[in-house]
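Please open the model in a viewer and keep the selection panel at hand.

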Amino acid sequence: MSQLPLRAQLASALGRTAATLSRATGRGDGSVIGGRVGLLLEPDLLRKLAHEKKLALVSATNGKTTTTRLIASALQELGEVATNAFGANMPAGHVSALSSNKAAPYGVLEVDEKYLPEVLDTTEAGVVVLMNLSRDQMDRAAEIWLLAQKWRRALAGRPAHVIANCDDPLVTWGASTAARVTWVAGGQRWHEDSWCCPECGGPLDRAEGIVNADWACRECTFSRPEPNWILDGEDAVDPYGHRWRLDLQLPGTANRSNAVIALATAAAFGLEPQRALPRLREVKSVAGRYTTVERDGRVMKLLLAKNPAGWLEAFDVTRPDRPIVLSVNAQGPDGRDTSWLWDVDYRILAGRHVYVTGERRLDLALRLDVAGVGFILVDSFGQAVSALPPGDIDVIANYTAFQSIRTEFGRAV
Ligand SMILES: [Zn+2]
């Protein structure tokens, strides 16, 4: 591997120093500050660091941190992998991830949806993974359509090999200008952002109740491409028709979908499923998600859900016989506007012991009341835990609520 130019070496080294200082002073894991310092000194640093790596970029509204982790784990079978494991998914985080492991021949980077065109342009990544697009606390339908359009422009005329979820019409549209696409039928549970054809605005027809049904526009030729890989229940089906039982430690359908996408991505790097799959099975939790914490003999399963599609995925992982605590905050990273709470169908929680807390507990309480779901309002997460009968608990929280529960109740067990 050739050396980085002197200026880039210096920028990268100073970035690492800043990261170390940031960690030492308790200001975070340092992955962003280090990258910022590096980029200030050498604006072209990301391009230089990316230049010699075989790189995959991973983007989506939901599941990108987990899928990045799964792909990185799989590729370790081939060699060292540089990755932004803590979800610092903008260019400063990418610089930091790549400088922390300059010798690694592979890189897997989670990329914020809005930054994907810029990061693709800078890194010239050979593989791009696109999973789902849906509204979140910041973006509404029109904005995610614009985002998909930017993906189309960014991918057109590039040699990148795209791995895309063809069960998401908007992702399909966003990916379809790419020179080469491997289509994965990864399923789509959340349909509210894909009633309309992204190409012409006409209605999309699809069989309801099936997560990976065919879909087609009624008014133009836009339709679901033939998938190369399929998630079928507990199995991945590869392009040769071989079935692979996933047997993941990570729970739920959404993670099985992430795993099939990871297998398809590994295959794009020349890694076959029999070598990739054991690596995926080793992953137990990702940045604290899906972990359990223990307090007073109770085991609490922590689920992060930041937007409507994420809540549906979290419901899929919870157990109907367990009490559930819902915690919603509205600080910067969560978005101040919690009107998206109205987009979620909470009726699945009816009949369960539901506790509601967090800064926006009253908003959520009103929403549950309208949905006819009984609940108990509590002032804090700790109060919910002490009010509950002995036994295990499911917890769904949005970003800062999730972080504060993790801080208060300690790391994973
Ligand atoms: Zn159409």
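**A metal site and a sheet**

Select C197 to begin: this residue is buried, with 3% relative accessibility (buried means under 20% relative accessible area, with a 1.4 Å probe and protein chains only). The model is predicted, so local features need pLDDT of at least 70 and side-chain atom pairs count only at pLDDT 80 or more, while totals for chains, interfaces and linings use all residues. Residues are numbered from 1 along each chain as its sequence is written, and side-chain values use heavy atoms, leaving out hydrogens and water.

Next, select C217, which is also buried, at 8% relative accessibility. Now show the zinc ion: its protein donors are the SG atoms of C197, C200, C217 and C220, at 2.2 to 2.3 Å (donors are N, O and S atoms within 2.8 Å of the metal, or 3.2 Å for Na, K and Ca). The site is tetrahedral, with angles of 101 to 115 degrees among the four donor atoms; four donors count as tetrahedral if all angles lie between 85 and 135 degrees. C197 lies in the loop between strand 6 (180-185) and strand 7 (204-206), and C217 in strand 8 (residues 215-217), so the pair ties together parts that are 20 residues apart in sequence (strands are DSSP E runs of at least two residues, numbered from the N terminus).

Then move to the open sheet of six strands, ordered 12-13-17-14-15-16 with mixed pairing (two strands pair if DSSP finds at least two bridges between them). Its edge strands are strand 12 (292-295) and strand 16 (376-377). Finally, select V293, which stands opposite M300 in strand 13.

Notes:
Tetrahedral: all angles 85-135°; square planar, octahedral: opposite > 155°, others 65-115°. Helix = DSSP H or I, 4+ residues; strand = E, 2+ residues; numbered from the N terminus. Buried < 20%, exposed > 50% of the residue type's maximum accessible area, 1.4 Å probe, protein only.
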